[in-house]
Amino acid sequence: MRISEQAKQLCRARILEKAAELFAARGFDQTTTRDIALAAGVAAGTMFNYFPSKETMAMTMVNEALARGREEFQTRLDGSEALEEELFLLIGTELRRLRPLRPFLGPVLERSLSTFPRKSVCPEGETARQEHMECVRQVMRRHGFSATPEDVAGTIYWSLYLGILASWTGDQSENQEASRGLIDYAIRTFVQMISGTAQGGDHGH
Amino acid sequence: MATEARRKTGIEDRAALLNLMPRQEEAARRRLAELVESVAAKRPPTTSFSRLWILGSLQAKVTCAYLAYWLRSRWADADERERLKSETHLKAALQLLGTMGYLRGAVMKLGQMLATFPDALPDEFARLLPALHFEAPAMHYAMVREVFLDEFGKEPHELFASFEREAFAAASLGQVHRARLLSGEQVAVKIQYPGIARTIEADLRNLRLLMQPMRLGEDWGNTVVKLAEVERVLLAETDYLAEASFAQTVRDSFTPEEGIVIPRVYPEYSTRRVLTTEHLEGVHLEELLDSAPSQELRDRYTHLMTVATTRMLYRTHWLLADPNPGNYIFMPDGRLGLVDFGCTRELSDEEWQLQVEVEDALLRRDETEMERLIVKASLYDSAEQMGQERLELIGRVIRWQLEPWLSEGIFDFGDEDFFRRGMEAMVEVMRKGFTRGMPVHIWTNRFILGARGVVYRLKGRCDFQEIYRRESGRDGCGMSGAATSK
Ligand SMILES: Nc1ncnc2c1ncn2[C@@H]1O[C@H](COP(=O)(O)OP(=O)(O)OP(=O)(O)O)[C@@H](O)[C@H]1O
């Protein structure tokens with residue numbers, strides 16, 4: 001008998017929900033896929049069909065949260081924002097959505113977004129990068145900067161963004177307020193840098 | 001527990017920092033002086049950047065190192081042109097970060113203290129003074145919105161009937177926006193730059209570390225104590241709810257007929273990081289002076305300022321430790337508005353006692369007792385130990401500070417000779433490095449300097465003694481004694 005698409009979605013959602021609970025309660029590294037399967041009430045083999053690893057589960061949650069954040073970001077814009085502000089809102093809104101996952105995010109992001117070459121690359125990590133960067137490129141284009149997927153600006157941006165994520169994930173201050181300054185700083189550094197190259201754009205006001 | 005952890009990271013930070021420092025003491029001194037000077041002199045590339053010092057921290061260095069790594073790894077198999085292009089970018093990035101390293105933060109703080117607490121620091125640095133200024137970085141509206149979401153769970157436009165996106169005034173730890181409440185009142189909303197309290201802590205820690213190898217003279221120990229005092233007051237300023245309660249207490253000690261206005265606080269729109277107060281319409285000192293006010297108006301404002309500050313001093317033993325001219329608002333109907341109670345220092349009983357004793361000795365013209373108190377306030381055991389020159393000079397400053405207490409009738413704070421005498425004595429104290437003293441005197445000096453500066457520029461007069469008698473409730477023997485001995 002074939003499982004309906006709806007049942008599949010429900011099962012997938014249940015696995016993610018249980019995984020999130022366990023990660024938050026025990027920590028990412030202390031949780032095994034076995035624990036998750038048990039809590040979700042599915043066989044380990046079945047679970048494997050949905051998610052090949054717990055990294056994948058965690059990064060799926062991350063990507064969903066980020067995607068919701070980006071949707072919300074679009075609704076918060078009123079068109080009067082400077083490039084710095086728009087990027088700041090983008091990151092701020094994403095991180096707000098990511099906040100519930102923060103307790104177990106450190107090792108997840110470290111593994112999935114690490115710039116160091118790894119044997120088994122987590123495709124969801126690559127998805128996170130591509131989706132975020134696509135949004136950034138749209139923002140940049142709106143402000144008159146040309147942006148191609150492989151340019152240096154994108155690379156620098158991504159490295160700053162990873163720095164932000166790393167700081168924010170471990171930020172002990174209330175509401176991660178210490179990272180706000182870093183985000184501001186990183187974005188201004190970036191905008192200053194791309195404005196400095198003779199690329200045009202709407203800077204200089 | 002928490003303090004233990006704090007101490008631990010403090011030690012780690014210290015180790016990390018010391019690693020960055022050159023080992024040889026003499027070389028360290030010189031290199032540091034050069035560094036401080038070059039960082040201070042460097043004009044950041046754009047105006048928005050000039051206020052970003054706060055973010056230049058070790059984190060920035062880490063980001064920077066990370067960036068370098070990233071680019072280098074990219075070059076591994078890129079061709080030469082790619083390499084050069086990337087290198088250019090990297091250089092640009094490094095230059096930017098270099099202008100705002102943690103040193104810059106420390107330098108700015110150093111500058112602030114030089115500018116406002118000249119006696120807290122050695123005069124070696126005095127020549128850096130004009131280049132430095134303390135201001136939090138400007139926040140764009142996107143940042144303000146995020147702060148509001150954190151503080152209230154709402155955006156500014158959801159909370160207020162209207163909210164101006166651009167700040168109308170800069171504050172030392174943030175900025176101030178105009179807004180209107182749903183009930184119609186115009187308000188001033190002061191918003192703190194996120195994380196600034198931690199930055200202050202970190203910067204002052206760095207500052208101490210940076211200065212340590214220099215071991216600036218015999219009064220080093222005293223300087224350290226004063227830095228701790230500065231830290232305490234600056235950190236207290238980061239809690240806007242504490243400021244709100246100070247403001248409320250002060251507000252309660254004035255009646256509307258007196259012409260002194262302390263804006264009311266709106267607690268529903270205030271948190272530790274956001275302070276919403278009634279907006280006071282009026283002008284600042286500069287603008288008032290531009291309008292060529294009558295002598296009568298100048299005198300009136302001088303009178304009101306004196307009443308306000310003496311009442312706070314004598315009733316609550318509070319010093320307005322940050323008497324910057326922007327905190328006085330000259331209202332159109334001749335009333336005086338007072339804002340900013342964040343930087344308020346309460347005198348301890350012991351400190352207050354000393355103040356009272358000095359006033360009494362002065363009014364009795366008891367020179368022996370005055371000398372004893374000056375020696376005590378300078379933390380010496382005896383006049384011999386203090387030295388004649390120091391004793392004379394510090395005495396001159398204290399007597400100048402208290403001169404209005406001894407003058408019958410109208411006192412002219414706009415008198416150039418009076419003002420110059422005081423300034424000259426204080427500059428001399430700094431030049432000689434006679435900075436040793438009780439930490440509270442950082443604030444008394446600052447308070448008197450700030451307030452005297454304003455009334456001097458205002459060229460204002462008032463009957464100081466009359467105000468003093470009324471506010472202190474001490475109109476008895478001291479005064480008559482002083483009068484007869486004249
Ligand atoms: N209620 C108010 N009505 C009108 N202006 C205000 C009000 N509150 C603040 N301001 C303006 O904003 C400026 C900065 O506010 P405030 O002094 O409270 O901040 P601060 O952080 O203590 O800054 P600083 O230490 O530089 O004075 C004031 O100098 C004043 O010009």
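Which residues of chain A does the UniProt annotation "domain: HTH tetR-type" cover? According to that unreviewed entry, the annotation covers residues 9–69 of chain A. In this predicted model, the span is 80% helix and 0% strand. Its end C-alpha atoms lie 22 Å apart.

Helix 4 of chain A comprises residues 54–76. Helix 6 of chain A comprises residues 105–113. Their axes come within 10 Å and cross at roughly 100°. An angle from 65 to 115 degrees counts as roughly perpendicular, so helix 4 is roughly perpendicular to helix 6. Helix 4 contributes Glu55(A), Ala58(A), Met59(A) and Val62(A) to the contact. These meet Leu105(A), Val108(A), Leu109(A), Arg111(A), Ser112(A) and Leu113(A) of helix 6. By class, the contact has seven nonpolar, one polar and two charged residues.

A further helix pair joins the two chains. Helix 5 of chain A (residues 83–98) packs with helix 7 of chain B (residues 141–152) at an angle of about 20°. The axes are 8 Å apart. The two helices are therefore roughly parallel. On the chain A side, the contact residues include Phe88(A), Leu89(A) and Arg96(A). Among those from chain B are Tyr141(B), Met143(B) and Leu149(B).

The largest nonpolar core holds 158 residues. Leu98(A), Phe190(A) and Phe160(B) touch the most other members. Helix 8 of chain A (residues 152–169) supplies the largest share of this core, eleven residues. Leaving aside residues up to four places away in sequence, Phe190(A) touches Leu87(A), Met140(A), Ala153(A), Ile156(A), Tyr157(A) and Leu160(A).

Note on methods
Residues numbered from 1 in each chain as written. Chains lettered and ligands numbered in written order. Predicted model: local features only at pLDDT ≥ 70, side-chain atom pairs only at ≥ 80, totals over all residues. Heavy atoms only, no water. UniProt positions renumbered as here; feature names shortened; annotations may be inferred. Helix = DSSP H or I, 4+ residues; strand = E, 2+ residues; numbered from the N terminus. Core = buried A, V, L, I, M, F, W, Y, C linked by side-chain atoms within 4.5 Å. Buried < 20%, exposed > 50% of the residue type's maximum accessible area, 1.4 Å probe, protein only. Contact = heavy atoms within 4.5 Å. Axes fitted to C-alpha atoms, helices over the stretch in contact; angles between N-to-C directions. Parallel < 35°, antiparallel > 145°, perpendicular 65-115°, else oblique. Nonpolar A, V, L, I, M, F, W, Y, C, P; charged D, E, K, R; others polar.
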